[in-house]
Amino acid sequence: MTETQIPLTGRTLIVGSSGVGKTSLTARTLTNWLEYGRTQETVVFEFGPELGRTDRVVGRRLCRFVEIPDQVWIDPVEANAPRSQGSETADVLKLARENAERANRRFNDAPSDPAAVFVNDATIGFQHEAGDLDKFIEYCSQADCVVVNAYEGDEFGSDDPVSRREQTVLRRLRSWTDRTIELS
């Protein structure tokens with residue numbers, strides 16, 4: 001499936017490691033959706049932290065790729081990058097819990113009847129068990145178009161509580177969506 005073939009109906013999950021274009025593909029799909037003029041019925045959950053690394057910035061927000069009109073509901077989470085910022089397991093879990101709690105508040109504040117939901121870096125809000133994945137799925141399921149991107153890889157590790165939870169969340173998202181696009 002190429003980037004121009006992402007349907008504007010149903011549920012799409014875009015996965016891949018860092019820097020493969022998940023956010024830019026989500027932004028291009030959002031742009032296509034906005035061309036239909038349904039901005040007031042559009043919700044954007046922005047969970048992606050932007051983290052400077054020595055050679056690049058890891059994670060980008062959708063607004064770096066697309067101008068999001070004022071009519072679109074968006075309330076970005078000031079998210080942590082738990083595995084990059086935490087030095088010990090307790091620190092990593094604390095940062096992940098903060099992200100989950102912030103994400104949960106966004107679900108409570110979002111408009112009740114979206115036609116489209118776009119989500120950048122979805123697993124950030126669910127790397128801790130405090131993240132309400134059921135509520136997120138229930139919320140998104142009412143929309144005609146859902147496009148979710150999420151990190152999938154082992155660049156940040158794979159055998160720690162945050163990574164294990166992230167893998168569980170990804171399995172659930174894969175089973176819930178209609179299609180998965182894997183970028184490499």
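1. Aromatic pairs. Rings of Phe, Tyr and Trp (its six-membered ring) are taken to pair if their centres lie within 6.5 Å; planes under 30 degrees apart count as stacked, those over 60 as edge-to-face and the rest as tilted. By this rule the predicted model holds nine aromatic pairs. One of them, between F107 and F126, is stacked, at 5.9 Å centre to centre and with 10 degrees between the planes. This pair links distant parts of the chain, since F107 belongs to helix α3 (residues 89–109) and F126, 19 residues apart from F107, to the loop between β6 and α4.

2. Basis of the values. Residues are numbered from 1 along each chain as its sequence is written, and side-chain values use heavy atoms, with hydrogens and water left out. As the model is predicted, local features need pLDDT of at least 70 and side-chain atom pairs count only at pLDDT 80 or more, whereas totals for chains, interfaces and linings use all residues.

3. The aromatic cluster. Which residues do ring pairs link into a cluster? They are F45, F47, W73, F107, F126, F136 and Y139. F107 and F126 are both buried, where buried means under 20% relative accessible area, exposed means over 50%, and partly exposed lies in between (1.4 Å probe, protein chains only).

4. Overall fold. The protein has five helices and eight strands; helices (H or I, at least four residues) and strands (E, at least two) are DSSP runs, numbered from the N terminus. In order from the N terminus, the elements are β-α-β-β-β-β-α-α-β-α-β-α-β. The radius of gyration is 15 Å, close to the 16 Å that the globule rule gives for 184 residues, so the protein is as compact as a globular protein of that length. This radius is taken over C-alpha atoms, and the globule rule is 2.2 Å times the number of residues to the power 0.38. The C-alpha trace spans about 45 × 35 × 30 Å along its principal axes.

5. Burial and contacts. Of the 184 residues, 50% are buried. Contact means heavy atoms within 4.5 Å; among contacts between residues at least 6 apart in sequence, 78% join residues at least 24 apart.

6. Charge. The protein carries 22 positive and 30 negative side chains, and the centres of the two sets lie 2 Å apart. Lys and Arg count as positive and Asp and Glu as negative, while His and the chain ends are not counted. Each charge is placed at NZ of Lys, CZ of Arg, CG of Asp or CD of Glu.

7. V119. Is V119 buried or exposed? V119, in strand β6 (residues 116–120), is buried, with a relative accessible area of 0%. Leaving aside neighbours within four places in sequence, V119 is in contact with T26, F45, F47, F136, V147, V148 and N149. Among these contacts, F45, F47 and F136 also belong to the aromatic cluster.

8. D121. Most residues other than glycine have a negative phi. D121, although not a glycine, has a positive phi of about 65 degrees. D121 is located in the loop between β6 and α4 (133–141) and counts as buried at 16% relative accessibility.

9. A143. In the loop between α4 and β7 (145–151) lies A143, which is buried, with a relative accessible area of 11%. Apart from neighbours within four places in sequence, A143 is in contact with P114, A115, A116 and V117. A143 and R179, 36 residues apart in sequence, are 15 Å apart in space, C-alpha to C-alpha.
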